[in-house]
Amino acid sequence: MSDSESVHSDVSLDEEDEELIWRVFYSPLEEQNGADENLAEFQAEEISDLSDIEDEELVNKYKRLKRQEQGEEDLDDDEKKRLLITSFSNDQMERFEAYRRMAVNKPGVKKICNGVLGHLIPQNIAVVMAGLSKLLLGDIITKAFEVQENEFKTKLIMDIDAKKKRKRDTLQRLSRGEDVLLIPERNLLYMGDSKMPLTPEHIREAWRLYRLENSGTFPAKWRTQGEGDGLLFR
């Protein structure tokens, strides 16, 4: 590397671009670290208050009274559910309502199960399979949005490198005394700032990652077991 290249090896971007980079890559990590530190401090403080007490019965009584003060033991499941829903943010509430509105076609699920098993299944089994299918679809869609976010961040990293390279080349040409036509560049854009629809590529990549992360998932190929044809082992 020459002297001019070493001088301009690390160039800075505009203030707006630096703020965008911080918001996308570093701000979520800082918030997560702050939340983890607050939780650790709270747990350490609570444990330190009770660690020097040897009477376990007294400690358990204190914890029970503390839960009663917080109203946890006086709430049934429905009340706890309502309390949880009221604490949702606007984004969480939108996702929760969308998940509640989504329904799996139970007759279609029943038809697929009948074809796989080779005999009719009762309606309650079809309802259970439809519920499991909804959970699976929720996991796949969540994973697909993570894939989309990683794709947007990768695109932003490539744009950052390309912009730094152009700026570095311009500085090197100026240092050599060459005439350079300076054209103002647009600021960096992060596609994740706007809601974008999922593509089939995102779904396929999410399914691939889901199969890798869950070792119990059956491979997508026919297998046999014993003397059977292996219809349940795709």
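Predicted model: local features only at pLDDT ≥ 70, side-chain atom pairs only at ≥ 80, totals over all residues.

Me: Let us begin with a single residue. Is Val11 buried or exposed?

Reply: The general idea is to compare the relative accessible area with a cut-off: buried means under 20%. Val11 has 7% relative accessibility, so it counts as buried. Val11 is located in the loop between helix H1 (3-7) and helix H2 (15-50).

Me: Which residues is Val11 in contact with, leaving aside its neighbours within four places in sequence?

Reply: Val11 is in contact with Lys164, Lys167, Arg168 and Leu171. Leu171 is 160 residues from Val11 along the chain, yet their C-alpha atoms are separated by 9.1 Å.

Me: Which residues make up the largest nonpolar core?

Reply: A core of this kind is a set of buried nonpolar residues joined through their side-chain atoms. Here the largest one has 9 residues: Leu13, Leu20, Ile21, Val24, Phe152, Leu156, Ile160, Leu188 and Tyr190. Two elements, H2 and helix H7 (123-175), each give two or more residues to this core. Residues come from both domain 1 (17-71) and domain 3 (103-172 + 188-215), so the core lies between these domains.

Me: What does Leu156 touch, not counting residues up to four places away in sequence?

Reply: Leu156 touches Leu20, Val24, Phe25, Leu188, Leu189 and Tyr190. Apart from this core lies another, of 6 residues, including Val109, Cys113, Ile121 and Ala126.

Me: I now turn to charged residues. How many salt bridges does the count come to?

Reply: Side chains of opposite charge can pair when their charged atoms come close. In this model the count comes to 13 salt bridges. In one of them, the side chains of Lys195 and Glu94 meet at 3.7 Å, N to O. This pair links distant parts of the chain, 101 residues apart: Lys195 is in the loop between H7 and helix H8 (200-213), and Glu94 is in helix H5 (residues 90-101). Lys195 is exposed, with a relative accessible area of 74%, whereas Glu94, at 45%, is partly exposed.

Me: Where do Glu201 and Arg204 lie?

Reply: Both lie in helix H8, 3 residues apart, which is about one turn of the helix. Glu205 forms a salt bridge with Arg208, and the closest N and O atoms are 2.6 Å apart. Glu205 and Arg208 are 3 residues apart in helix H8, so about one helical turn separates them. Elsewhere, salt bridges that share partners join Lys143, Glu146 and Glu213 into one network.

Key. Residues numbered from 1 in each chain as written. Heavy atoms only, no water. Helix = DSSP H or I, 4+ residues; strand = E, 2+ residues; numbered from the N terminus. Buried < 20%, exposed > 50% of the residue type's maximum accessible area, 1.4 Å probe, protein only. Contact = heavy atoms within 4.5 Å. Core = buried A, V, L, I, M, F, W, Y, C linked by side-chain atoms within 4.5 Å. Domains from an automatic or database assignment. Salt bridge = Lys/Arg side-chain N within 4 Å of Asp/Glu carboxyl O.
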